[in-house]
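Biologist: I am new to this structure. Please walk me through it in short steps.

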Amino acid sequence: MKQKESLVSEVGCLRGDLQQVREDRDRQLLQVQALTAEVVKYKEWTGKYVAELDHLTLKSNDLEARCSSQSEQIRTLRDQLSVADKKLQMTDLSAMETRTVFEEQTKLIDDLQSRLAIAEVKINEGEELRRKLHNTILELKGNIRVFCRVRPLLSDEDLGKEPKVYSYPTTAETLGRGIDVIQNGQKSYFTFDKVFMPDAAQENVFVEISQLVQSALDGYKVCIFAYGQTGSGKTYTMMGRPGSSTEKGLIPRSLEQIFQTRQSLQSQGWKYEMQVSMLEIYNETIRDLLSTSQSCSDVSRTESGVAGKQYAIKHDANGNTHVSDLTIVDVRSSREVSFLLDQAARSRSVGKTQMNEQSSRSHFVFTLRISGANESTEQQVQGVLNLIDLAGSERLSKSGATGDRLKETQAINKSLSSLSDVIFALAKKEDHVPFRNSKLTYLLQPCLGGDSKTLMFVNVSPEPSSVGESLCSLRFAARVNACEIGIPRRQTNVRPSDSRLSYG
Ligand SMILES: Nc1ncnc2c1ncn2[C@@H]1O[C@H](COP(=O)(O)OP(=O)(O)OP(=O)(O)O)[C@@H](O)[C@H]1O
């Protein structure tokens, strides 16, 4: 029993131990399961990390490759940079040299410019002297001076395929004085006292006549004509472009100069009185362009002139011209004259021909009479400045005129041919000079008779279609240029009797 009891308790203990072992085994089984799950998890992670590692390895390889290529690039750029550095140093050096050369050249240019300015002054002085001597020679020879002016092509004109009509010889004797004209392959040569090319500015043209204008203040009769076919630039030359100060013509410029000189001569004791008249000769009838009477412009185109107004031309023994009933206005400034010029321009008659819509069909005569007296020397001078814009000189066949227009053209031709008859009769020293053959020549008799300084502008158009007309004008001008009409005389008195000039 005892043994049994001890065995039973031993069995009990063993059972307890067994139970213990079972529990341990279960616990360890659980631990094994947990560990197995953990191993599975770690296996999954390892797979993921391996893939990531592969990816990263690839990336790292790629980056390494890029890094090495960039290192290569950096090396190349460094090389290039060092080359560029060297070049820059060289460029700096050459820039310094260039700057030195530039500074030297700037100094040289400054030096040359100041020498040029001195040379220009000398040239201007020389040119002034040349002009004076040339004028003196011409005055001594008694020739009618002729300036030729070729106007530029207008914006609506085109040479097309036609060759240029004019060329300008450049030999020493003809420079600035010659003009060659080509018509149908034939060349004609002309020389005048001056030839203005199409690009000549109004100012440059005026410079050439300013001496002549000046001499009106010294007591000479001065007469400047513009001759040429319709649209050749006569009005542009004489009056200029309305409203443009740079394109002012000879008439406004002359007056500005005269009034300026009058001002400066005051300090030498000279006092001048100036009187202006403006008339137009249309169809052999005189029209007073400064008349304020309304009827004057209304009845402008009648044969007999304005009712009650005779406008008879008379010359006195002193060579002064009187036109009865003509309005004479005392003027004190060029502004006053501009106002009168505007008034006259409005009053001028214009007609139409096929050649020029706004063609002036009348001769325009601007007259400034100058009477000067010097208080200290008791000298007195009487000068006249006539500025004349002649009507277009085109031939009948070219103008295409009929009816009234034909009559106009015939009248214009008559007075222009009378003008040439007078000039040629004077040149030939004929006993009878046909001044009375036209109103224009009779009016200008004292100015044409040899006492005066006469200048004719022959205006020509650059259009090839006008070359025939231009040649006619140039031939006429060349004949006029060759004429000796006499030596101009100054009209001066020592004792003034009446400082005002008398008019009818
Ligand atoms: N030197 C020039 N420069 C620029 N334009 C000019 C020049 N000469 C003339 N013209 C232009 O040419 C055109 C004709 O000129 P303009 O009216 O002076 O001719 P014209 O000979 O007086 O004609 P008309 O006999 O009809 O009076 C005008 O439009 C004028 O402005």
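Biologist: Between which two helices does the loop with Lys-429 lie?

Modeller: This is a predicted model. Lys-429 is in a loop. The helices on its two sides are H8 (403-427) and H9 (439-443).

Biologist: Is Lys-429 buried or exposed?

Modeller: Its phi is near 55 degrees, a positive value in a residue other than glycine. Lys-429 has 11 C-beta neighbours inside 10 Å. The cut-off for exposed is 12 or fewer. Therefore Lys-429 counts as exposed.

Biologist: What distance separates the end C-alpha atoms of helix H11?

Modeller: H11 covers residues 467-481, which is 15 residues. At 1.5 Å a residue, the helix should span 21 Å. The value in the model agrees with that: 20 Å.

Biologist: Which residues of H11 are buried?

Modeller: Buried here needs 20 or more other C-beta atoms within 10 Å. In H11, the residues that count as buried are Val-467, Glu-469, Ser-470, Ser-473, Leu-474, Phe-476, Ala-477, Val-480 and Asn-481.

Biologist: What share of the protein chain's residues count as buried?

Modeller: The chain has 11 helices and 15 strands. Its length is 504 residues. The share that counts as buried is 31%.

Terms used:
Residues numbered from 1 in each chain as written. Predicted model: local features only at pLDDT ≥ 70, side-chain atom pairs only at ≥ 80, totals over all residues. Helix = DSSP H or I, 4+ residues; strand = E, 2+ residues; numbered from the N terminus. Expected span 1.5 Å × (residues − 1).
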